[in-house]
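Me: I would like to go through the helix packing of this model by question and answer. Please end each reply on the value or name requested.

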Amino acid sequence: METATQYGDPRECLREARSKMREVKKLLQRPSAETADESAALLREVEVQLGCVAAVLKKNGGKPDAGLRAGVEELQNEVAALASFFSGADRMLTQWLETVGSRRGGYTER
């Protein structure tokens, strides 16, 4: 398969993406500024690997087999859950900072 050598093997790309997601999950267990940066870099690599899978599948013009499709959908769900987590954390921190700022400015809940 010519496209597999040009873009890579989609199964290998998927394995690499899963591996990077496992690393992200481990890093999130010990949050810090450094692990946040490292997690962001790993998530970019996951995006590249999923792009690899998409490019190979598009180039081949066929539907993926059930195993590959299930693997991609599983990883897609993990990424969506992580995105939802980050979005919720961002909202919570934003509201917390607004509350702290208001209280420092002398405002109360009333």
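Reply: Axes here are lines fitted to C-alpha atoms, for helices over the stretch in contact, and angles between N-to-C directions run from 0 to 180 degrees. The model is predicted.

Me: How many helices and how many strands does the protein chain have?
Reply: From the N terminus on, the elements run α-α-α-α. The count for the protein chain is four helices and zero strands.

Me: What share of the residues in the protein chain is buried?
Reply: Buried means under 20% relative accessible area. The protein chain has 110 residues. Of these, the buried residues make up 20%.

Me: Are α2 and α3 roughly parallel or roughly antiparallel?
Reply: The axes of α2 and α3 lie 8 Å apart, and the two helices pack at an angle of about 160 degrees. Angles over 145 degrees count as roughly antiparallel. The relation of α2 to α3 is therefore roughly antiparallel.

Me: How do the residues of the contact of α2 with α3 divide into nonpolar, polar and charged?
Reply: On the α2 side the contact includes Leu14, Ala17, Met21, Val24 and Leu28. On the α3 side, Ser39, Leu42, Val46, Gln49 and Val53 are among them. The crossing of these two helices is left-handed. By class, the residues of the contact of α2 with α3 divide into 15 nonpolar, three polar and five charged.

Me: Are α2 and α4 roughly parallel or roughly antiparallel?
Reply: Helix α2 covers residues 10–28 and helix α4 covers residues 66–104. Their axes come within 11 Å and cross at roughly 30 degrees. Angles under 35 degrees count as roughly parallel, so the relation of α2 to α4 is roughly parallel.

Me: How many charged residues are in the contact of α2 with α4?
Reply: α2 passes α4 in a left-handed crossing. The contact includes Arg11, Arg18 and Lys25 of α2, and Glu74 and Glu78 of α4. Twelve residues of this contact are nonpolar and two are polar. The number that are charged is five.

Me: How many nonpolar residues does the contact of α3 with α4 have?
Reply: α3 and α4 pack at an angle of about 150 degrees with their axes 12 Å apart, and the crossing is left-handed. Leu43, Val46, Leu50, Val53 and Leu57 in α3 meet Leu68, Val72, Leu75, Val79, Leu82 and Phe86 in α4. This contact has no polar and no charged residues. The number of nonpolar residues is eleven.

Me: What distance does α4 reach from its first C-alpha to its last?
Reply: α4 has 39 residues. At 1.5 Å a residue, the expected span is 57 Å, and the model is close to that. From its first C-alpha to its last, α4 reaches 57 Å.

Me: Against which helices do the buried residues of α4 pack?
Reply: Leu68, Gly71, Leu75 and Leu82 are buried in α4. The helices that these buried residues pack against are α2 and α3.

Me: Is Ser39 buried or exposed, and which residues is it in contact with beyond four places in sequence?
Reply: Ser39 is found in helix α3. Its relative accessible area is 3%, so Ser39 is buried. Leaving aside neighbours within four places in sequence, Ser39 is in contact with Val24, Leu27 and Leu28.

Me: How far apart in space are Val24 and Leu42, C-alpha to C-alpha?
Reply: Val24 lies in helix α2 and is buried, with a relative accessible area of 0%. Not counting residues up to four places away in sequence, Val24 touches Ser39, Leu42, Leu43 and Leu82. Val24 and Leu42 are 18 residues apart in sequence, and their C-alpha to C-alpha distance is 6.6 Å.

Me: Which residues does Val46 touch, not counting those up to four places away in sequence?
Reply: Val46 lies in helix α3. With a relative accessible area of 2%, Val46 is buried. The residues that Val46 touches are Ala17, Lys20, Met21, Leu75 and Val79.

Key: Residues numbered from 1 in each chain as written. Predicted model: local features only at pLDDT ≥ 70, side-chain atom pairs only at ≥ 80, totals over all residues. Heavy atoms only, no water. Parallel < 35°, antiparallel > 145°, perpendicular 65-115°, else oblique. Left-handed = near helix turned anticlockwise from the far one by under 90°. Contact = heavy atoms within 4.5 Å. Nonpolar A, V, L, I, M, F, W, Y, C, P; charged D, E, K, R; others polar. Expected span 1.5 Å × (residues − 1). Buried < 20%, exposed > 50% of the residue type's maximum accessible area, 1.4 Å probe, protein only.
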